[in-house]
Amino acid sequence: AWRAVAQSVNLQYFEELATSTSFSYAGGHQFALDCEALVSLWKPYTPRPANYFKELMDSCKLLSMPRVEAEHLVQVLGDGDGGGESGSCESDAADALKRAGVRKLTPAQAARVLSKRVV
């Protein structure tokens, strides 16, 4: 039962906060700290609670990464939206996300989260 609750909290925070709220750099860091505290509440139930909050934790990485890295990632992800060799662009975007430590989010989801960063 706790797994269903964790998944529900993960998706709710991802949809209602990470992709719907604007974050400054400091706000992104605070959000990441708050999410780490939330995830730690699940430690009595599992040794690796972050495994049940993958979308949320990926969002925290994107919202708290250095500005230059985020801008580069936005460019790479933006290139995947155009026409042409979409398979190659999609692959480049997925590779860039993996290098940034983002494992669960799709390029479209990551672009949505990054669009919430305020410069």
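The model is predicted, so local features are taken only where pLDDT is at least 70 and side-chain atom pairs only at pLDDT 80 or more, while totals for chains, interfaces and linings use all residues. Residues are numbered from 1 along each chain as its sequence is written, and side-chain values use heavy atoms, with hydrogens and water left out.

Confidence comes first. The protein chain has a mean pLDDT (the predictor's confidence in each residue, from 0 to 100) of 91, and 92% of its residues reach 70 or more. Helices here are DSSP runs of H or I with at least four residues, numbered from the N terminus. Where pLDDT is low, the predicted coordinates should not be read in detail.

Next, the helices. Ala6, Asn10, Phe14 and Ala18 are the buried residues of H1, where buried means under 20% relative accessible area, exposed means over 50%, and partly exposed is in between (1.4 Å probe, protein chains only). These residues of H1 cover an arc of only 65 degrees around the axis, which puts them on the same side of the helix; the arc is that of the directions from the helix axis to the C-beta atoms. An α-helix has 3.6 residues a turn, so residues three or four places apart point the same way. The cover over the buried residues of H1 includes H2, H3 and H6.

Gly28, Phe31, Ala32, Cys35, Leu38 and Val39 are buried in H2. They take up an arc of only 125 degrees around the axis, which puts them on the same side of H2. Ala26 and Leu33, on the other side of H2, are exposed. Helix H1 (2-18) and helix H3 (54-64) are among what covers the buried residues of H2. In H6, the buried set is Pro107, Ala110, Val113 and Leu114. Viewed down the axis of H6, these fall within an arc of 120 degrees, so they line one face of the helix.

On to the pocket. A pocket is found on a 1 Å grid over the protein atoms alone, as an open set of points where a 1.4 Å probe fits, with protein on both sides within 12 Å along at least five of seven lines; lining residues have an atom within 4 Å of a point. The largest pocket holds about 180 Å³ of space, the volume being that filled by probe spheres set on the points, which are joined across faces, edges and corners. Its lining consists of Phe23, Ser24, Tyr25, Arg67, Ala70, Glu71, Val74, Leu114, Arg117, Val118 and Val119. Helix H4 (residues 67-79) gives the most to that lining, with four residues. Glutamate 71 lies in H4 and is partly exposed, with a relative accessible area of 37%. From glutamate 71 to serine 22 it is 49 residues in sequence and 16 Å in space, C-alpha to C-alpha.

Serine 64, in helix H3, counts as buried at 16% relative accessibility. Setting aside neighbours within four places in sequence, serine 64 is in contact with Tyr25, Gly28, His29, Ala32 and Arg117. Threonine 46 is found in the loop between H2 and H3 and counts as buried at 10%. Not counting residues up to four places away in sequence, threonine 46 touches Trp2 and Tyr52.

Past helix H6 (107-114), serine 115 is exposed, with a relative accessible area of 52%. Lysine 116 also lies in the segment after H6, but is partly exposed, at 24%. Beyond neighbours within four places in sequence, the contacts of lysine 116 are Ala18, Thr19, Ser20, Thr21, Ser22 and Phe23.

How values were computed
Helix = DSSP H or I, 4+ residues; strand = E, 2+ residues; numbered from the N terminus. Contact = heavy atoms within 4.5 Å.
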